[in-house]
Amino acid sequence: MTSPTADQAPSPAPVPPPLEVWPGAHYPLGAAYDGGGTNFALFSEVAERVELCLLDDDDRETRVELTEVDGHVWHAYLPAVAPGQRYGFRVHGPYDPGSGLRCDPTKLLFDPYAKAFTGEFDGNPSLFSYSEEPERDSFGHTMTSVVINPYFDWRHDRAPRRPYHETVIYEAHVKGMTMRHPGIPESLRGTYAGLAHPEIITHLKDLGVTAIELMPVHQFMQDQTLLDKGLRNYWGYNSFGFLAPHHEYASTPDAVTEFKAMVRDYHEAGLEVILDVVYNHTAEGNHHGPTIGFRGIDNAAYYRLVDGDAEHYMDYTGTGNSLNVRNPHTLQLIMDSLRYWVTEMHVDGFRFDLASTLARELHDVDRLSAFFDLVQQDPVVSQVKLIAEPWDVGEGGYQVGNFPPLWTEWNGKFRDTVRDYWRGEPATLGEFASRLTGSSDLYENTGRRPGASINFVTAHDGFTLGDLVSYNDKHNEANGEENRDGESHNRSWNCGVEGETDDPEILALRARQRRNIMATLLLSQGTPMIAHGDELGRTQRGNNNAYCQDNELTWIDWSLAESNAELVDFTRRAVRLRALHPVFRRRRFFRGLPIRSGEQLRDIAWLTPGGDEMTEADWGSGFGRSLAVFLNGNGIEEPDARGERVVDDSFLLCFNAHYEDIEFTLPTRFDSQRWRGVLDTTHPAGESETDVVAGERVTVGARSLLVLVHVAAEDA
């Protein structure tokens, strides 16, 4: 049926005589300025009429009816429209929620392909099609799309294209990284320009990371329920503008140019930029949500509706809706967005939030769904970093290890195992060994390599590293949900006291545990990811779900760089150790076989503290807390980028998660007769003075890690 509110839409303003309207083209979708004018194109299969709405500086609306339609794409070319023009659409058509149809011309709708936005959603009842308020038209209460100038001087920009085995990722938030940095001008704090400031880039370069992974920067919406509580959507997992940088993160009205300049600066520094993208749902929410774009353009095309109950939305994400990746036009939007960010914005890869949702064609997660097929054959998207968060909240959504060969994955099993090992959980040795060596049990059968495992112990979602060793329980009271939100099983350990303490023994233990976890992360096979501020000892005071805390609780306190300088030095030392030694970042999995015919020396060996090879009984020991691993620098089979053989030093890593010191006997069966310490987590900065001969014993402190390097005879 026709929308009952259609007659309440304001009458179209007459088109001024000078405004020429040409037929235009159905591709590309969105607003495309070519230097002479702008082409507009909007997909809607259910529309009966579509009006392009142009807004002037006095907020007057001029409507242009799009009469040209090709393949359900409504289009026109306007020679007089230039960059900076604000616009939206009004879509006339059936309004029958029970049938999944929600066209409502009283709503000024954003362009799904808009490259920039301005304004705000103010929560006015007019944004909701079911509202009975007298004011029905949403004009003035909604964000509007903006025509951009696509031209930018990239100079000699080149993508670093760093392989996974050389990559160290730093997960960061644009605003959180910069709001409290004293070296960044106040006008640039919280912005792309602030993130590109030399103070930030120098910190990342000195730390040794190679890529920054930005939490959502697609245009997102503030949740009115949060605003009503005095909170804000800080994380940004509420996107709707998949081709536009979030305008609040720009220091000028031109967010697109500022974002491009940031990427260019990072590339000049040799750093990659990866985006955390949210294509699994949109900000329009469930059937009670606002009509701001997709819902009013073509509801059933863009969203998964409940079979037999088209008024309601499938929700695999816990946010109210799920994008309909079974529809070719929705798939096209996602792929066009990805290509745009690579070709026009020059980003180097993507981390896909709740990626299992994108694989759902029916109900189950299908590893060979249409989306993954499209990515596989796409000549642009298939060549950048593709990182999956391999789970969603639907049935069968936990898919760690099941993504296609091009993909890497956030390894949730690495996170859980490392946390359990260092907090002393029983029977973790075997699992710990698998995670330390790249999780071949998860990735090798799909033809992937160790780099497919994105190793992390902390991320934006959950405790910070500092809180992981300071709290047993979440403390999310500030979120206004009576501490019901957030994960309750954190695999954390407070080291004896919940939260803040001035006990020097507990503080020393917490500091050592931070170093243990950081070293394990950085010396494991795979691709490590550090959560921003963990190298500084950042805390959120036990809040493990700080999505709504846009304040000093989540913004990095950069004074910690001085008070926790030793942790920064330790992290830098561990990253450098990884960078200098390919034995810690092999391109292929260990084989555990002799490296030369007739010899017993293998590429890897697992040892008890007594220096003997681990037996099946040792692996199965529920009380086992300690082990050593020998990494043979002469056992690297894969060649380097120029086809040359890779030869490295050999290392012995001695892990002791026991609450007492343990003596490790240095093995005699390996070529090395002398071992020298290169990293010791009992020391605040990781320094080690250990120098020991094979066959002798070395004390590994309680709950610590000691890394020893083989010393050649001529260097002994």
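This is a predicted model: local features need pLDDT of at least 70, side-chain atom pairs count only at pLDDT 80 or more; totals for chains, interfaces and linings use all residues.

Residues are numbered from 1 along each chain as its sequence is written, and side-chain values use heavy atoms, with hydrogens and water left out.

Let us begin with the barrel. Eight strands close into it, in the order β12-β13-β16-β19-β20-β21-β22-β23, with parallel pairing. From one strand to the next, the twist averages 30°. Helices (H or I, at least four residues) and strands (E, at least two) are DSSP runs numbered from the N terminus, and two strands pair if DSSP finds at least two bridges between them. As an example, strand β22 (residues 453–455) and strand β23 (residues 527–531) pair in the parallel sense over two bridges. Here I454 stands opposite T527 in β23.

I turn now to salt bridges, meaning a side-chain nitrogen of Lys or Arg within 4 Å of a carboxyl oxygen of Asp or Glu. How many does a search of the whole structure find? The search returns 40 salt bridges. In one of them, D416 is joined to R415, and the closest N and O atoms are 2.8 Å apart. D416 is buried, at a relative accessible area of 18%; buried means under 20%, exposed over 50%, and partly exposed in between, with a 1.4 Å probe and protein chains only. E425 and R423 also meet through their side chains, at 3.9 Å from N to O. Both residues are partly exposed: E425 has a relative accessible area of 31% and R423 one of 22%. Salt bridges also link R49, E51, E61, R63, E65, R90 and D137 in a network.

Finally, the cavities. A cavity is a set of points, on a 1 Å grid over the protein atoms alone, where a 1.4 Å probe fits but cannot get out; lining residues have an atom within 4 Å of a point. Among the residues lining the largest cavity are R419, W422, R423 and I517. Both α9 (412–422) and α13 (504–523) supply at least two residues of that lining.

Key: Axes are lines fitted to C-alpha atoms, for helices over the stretch in contact, and angles run from 0 to 180 degrees between N-to-C directions. On a 1 Å grid over the protein atoms alone, a cavity is a set of points where a 1.4 Å probe fits but cannot get out, and a pocket is an open set with protein on both sides within 12 Å along at least five of seven lines; lining residues have an atom within 4 Å of a point.
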